[in-house]
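Hi,

Here is the structure I promised to pass on to you. Please have it open while you read, and my notes follow below.

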Amino acid sequence: MRIERVMLKNYRQFKDMEIPFKKTSSRDLHVLIGVMGTGKTNLLNAINWCLYGDEPYLSKQSQQLPILNLKTIEEAEEGEDNDVIVEVSVQTEDNKRIIFTRKMIFRVYDVGMNPQKQDTIFEVKVSDAKGNMKILK
């Protein structure tokens, strides 16, 4: 199984981002390079959060911040719901696609207050031999 893409919406410092992992050969290797604080570890945390519901590599500073993007909180109206969504799309060796999606809904009451978690949804979609998607919850 190989990761094809990761989609992040309002997850920590990622407002709206899609990261494709293009297949260029049968033995791909993707390397993440960037200066400190650009989100390399948070990308790995996002994948882990999507699949397992936890973020094992958070720094002490990040643990004190909400998972909902700070800019989204700042722009939200009082009482507005905002989603944190991470989607991991993988391809199996027999060319089936599996899409894992974790969505957490937060309500923003006041800019100075941490948003309140309302719900969490985890969904798995699996393609059949014809490419049709079946949703497993």
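This is a predicted model: local features need pLDDT of at least 70, side-chain atom pairs count only at pLDDT 80 or more; totals for chains, interfaces and linings use all residues.

Residues are numbered from 1 along each chain as its sequence is written, and side-chain values use heavy atoms, with hydrogens and water left out.

The chain as a whole

The chain has three helices and six strands, where helices (H or I, at least four residues) and strands (E, at least two) are DSSP runs numbered from the N terminus. Along the sequence they come in the order β-β-α-α-α-β-β-β-β. Taken along the principal axes, the C-alpha atoms fill a box of roughly 50 × 35 × 25 Å.

Of the 137 residues, 39% are buried, meaning under 20% relative accessible area, with exposed set at over 50% and partly exposed in between (1.4 Å probe, protein chains only). The accessible surface comes to about 9,000 Å², and carbon and sulfur atoms hold 51% of that; the areas come from the Shrake-Rupley method with a 1.4 Å probe. Among contacts (heavy atoms within 4.5 Å) with a separation of 6 or more, 52% are between residues 24 or more positions apart.

The pockets

A pocket here is an open set of points on a 1 Å grid over the protein atoms alone, where a 1.4 Å probe fits, with protein on both sides within 12 Å along at least five of seven lines; lining residues have an atom within 4 Å of a point. Volumes are the space filled by probe spheres set on the points, which are joined across faces, edges and corners.

The largest pocket holds about 380 Å³. Its lining counts 17 residues, and Gln13, Gly37, Gly39, Asn42 and Ser62 lie nearest the centre. By type, the lining splits into seven nonpolar, eight polar and two charged residues; Ala, Val, Leu, Ile, Met, Phe, Trp, Tyr, Cys and Pro count as nonpolar, Asp, Glu, Lys and Arg as charged, and the others, Gly among them, as polar. Helix 1 gives the most to this lining, with four residues.

The second largest pocket has about 160 Å³ of space. Around it are Arg2, Ile3, Phe21, His30, Leu32, Leu43, Leu44 and Ile47, which divide into six nonpolar, one polar and one charged. Helix 1 again provides the largest share, three residues, and strand 1 (2-11) supplies at least two.

Two residues to look at

Asn48 also belongs to helix 1 (residues 40-52). Asn48 counts as buried because its relative accessibility is 18%. Leaving aside residues up to four places away in sequence, Asn48 touches Gly53, Asp54 and Pro56. With Asp54 there is a side-chain to side-chain polar contact of 2.4 Å, that is, a pair of N or O atoms within 3.5 Å, one able to donate a hydrogen and the other to accept it; residues adjacent in sequence count only if both atoms are side-chain atoms.

Thr101 sits in strand 4 (residues 97-108). Is Thr101 buried or exposed? Thr101 is at 12% relative accessibility, so it counts as buried. The side chains of Thr101 and Glu87 are joined by a polar contact of 3.3 Å.

Happy browsing!
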